[in-house]
Amino acid sequence: MTRPESARRAEIAAGLAETRDRIENACRAAGRSDIPTLIVVTKNQPASDIDHLRALGVGDIGENRDQEAAAKVAQIAARHEVTVHFIGQLQTNKAASVAGYADVVHSVDRPRLVRALAAALQRLHRRLDVLIQVDLSGSPGRGGVDPRQADDLAELVVASDFLRLRGVMAVAPLGVDPDAAFARLAGVADGIRRVAPEATWISAGMSGDLEAAVRHGATHLRVGTAILGSRAHRG
Ligand SMILES: *Cc1c(COP(=O)(O)O)cnc(C)c1O
């Protein structure tokens, strides 16, 4: 039996307030006067949560699987008021689908994907904001470009008329000090800004490590469970 939507909205409001407090405290501690953009990761949660979030003032949501994202985006009541960030590993054969609804793709990590997105966008007469996902784990396969190849990939993105390079994204690897990981990411971001000065976004930090990301200049935080809980724990 599902609980009333009003109870769900109150639960989300509480998680959101707590997370916004954490972000403000982290910014204050880091001596930052700017507040990063909060992207609420709605994966594994119902489309109705996106409407609750919108009503609570959230304009940015993140999804990581094409099939789920496509279905949910089609159901958002105020679609034009929500920026949809695709943050998951993206198979080349899903690029055309994602290019059709995403506003930002955070997970561009290889030349083939750049070409697939650009070709789809040309057909759709659309442009797309993208971030280069950087692998900080040193073990390829879980998504992200080797940091040493990030500049080359950035040049390829910049050369496309249909893609707009906004910056970099990374996930701190498990078992590694997130401060060290995000410091490394900040270095890669510096390098990319030499190729593309307007690529100023750093998408980093999740429920468990957003403070470290704030310390290292994150402009966008991707937070799921701290706000929405884990799907398995809800009725
Ligand atoms: C799920 C996910 C997040 C959010 O993680 P939480 O720990 O739930 O905050 C952020 N980034 C990516 C790429 C994700 O897949």
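Analyst: Let us begin with the surface. Accessible areas come from the Shrake-Rupley method with a 1.4 Å probe. For this protein, which is a predicted model, the accessible surface comes to about 11000 Å², and 50% of that area belongs to carbon and sulfur atoms.

User: How many helices and strands does the protein have?

Analyst: The protein contains nine helices and eight strands. Its radius of gyration is 17 Å, close to the 18 Å that the globule rule gives for 235 residues, so the protein is as compact as a globular protein of that length. Along the principal axes, the C-alpha trace spans about 50 × 45 × 30 Å.

User: What percentage of the residues is buried?

Analyst: A residue is called buried when its relative accessible area is under 20%, and exposed when it is over 50%. Here, buried residues make up 50% of the 235 residues. As for contacts between residues at least 6 apart in sequence, 61% join residues at least 24 apart.

User: How many positive and negative side chains are there?

Analyst: There are 30 positive and 28 negative side chains, and the centres of these two sets lie 3 Å apart.

User: How should I read a helix, for instance helix 7?

Analyst: One may compare its reach with the expected span, and then ask which residues are buried. Helix 7 covers residues 178–195 and reaches 26 Å from its first C-alpha to its last, close to the 26 Å expected at 1.5 Å a residue. Its buried residues are Ala181, Phe182, Leu185, Ala186, Val188, Ala189, Gly191 and Ile192. The elements covering them include strand 5, helix 6, strand 6, strand 7 and helix 8.

User: Which residues of helix 2 are buried?

Analyst: In helix 2, Ala47, Asp49, Ile50, His52 and Leu53 are buried. Their cover includes helix 1, strand 1, strand 2, helix 3 and helix 9. Just after helix 2, Gly57 takes a positive phi of about 95°.

User: Which phi value does Asn44 have, and where is Asn44 found?

Analyst: Asn44 is a residue other than glycine with a positive phi, near 65°. Asn44 is found in the loop between strand 1 and helix 2, and is partly exposed at a relative accessible area of 37%. Another case is His125, whose phi is near 55°. His125 has its place in the loop between helix 5 and strand 5, and its relative accessible area of 73% counts as exposed.

User: Is Ala170 buried or exposed?

Analyst: Ala170 is buried, because its relative accessible area is 0%. This residue is found in the loop between strand 6 and helix 7. Setting aside residues up to four places away in sequence, Ala170 touches Val134, Leu136, Phe182, Leu185, Ser203, Ala204 and Arg222. Among these, Phe182 and Leu185 are also buried residues of helix 7. The C-alpha atoms of Ala170 and His106 are separated by 8.7 Å, although the two residues are 64 apart along the chain.

User: Where does Asp109 lie, and with which residues is Asp109 in contact?

Analyst: Asp109 lies in the loop between strand 4 and helix 5. At 12% relative accessibility, Asp109 counts as buried. Apart from neighbours within four places in sequence, Asp109 is in contact with Gln133, Gly143, Gly144, Val145 and Leu153. The C-alpha atoms of Asp109 and Ser48, 61 residues apart along the chain, are separated by 31 Å.

Conventions. Residues numbered from 1 in each chain as written. Predicted model: local features only at pLDDT ≥ 70, side-chain atom pairs only at ≥ 80, totals over all residues. Heavy atoms only, no water. Helix = DSSP H or I, 4+ residues; strand = E, 2+ residues; numbered from the N terminus. Rg over C-alpha atoms; globule rule 2.2 N^0.38 Å. Buried < 20%, exposed > 50% of the residue type's maximum accessible area, 1.4 Å probe, protein only. Contact = heavy atoms within 4.5 Å. Lys, Arg positive; Asp, Glu negative; His and termini not counted. Charge placed at Lys NZ, Arg CZ, Asp CG, Glu CD. Expected span 1.5 Å × (residues − 1).
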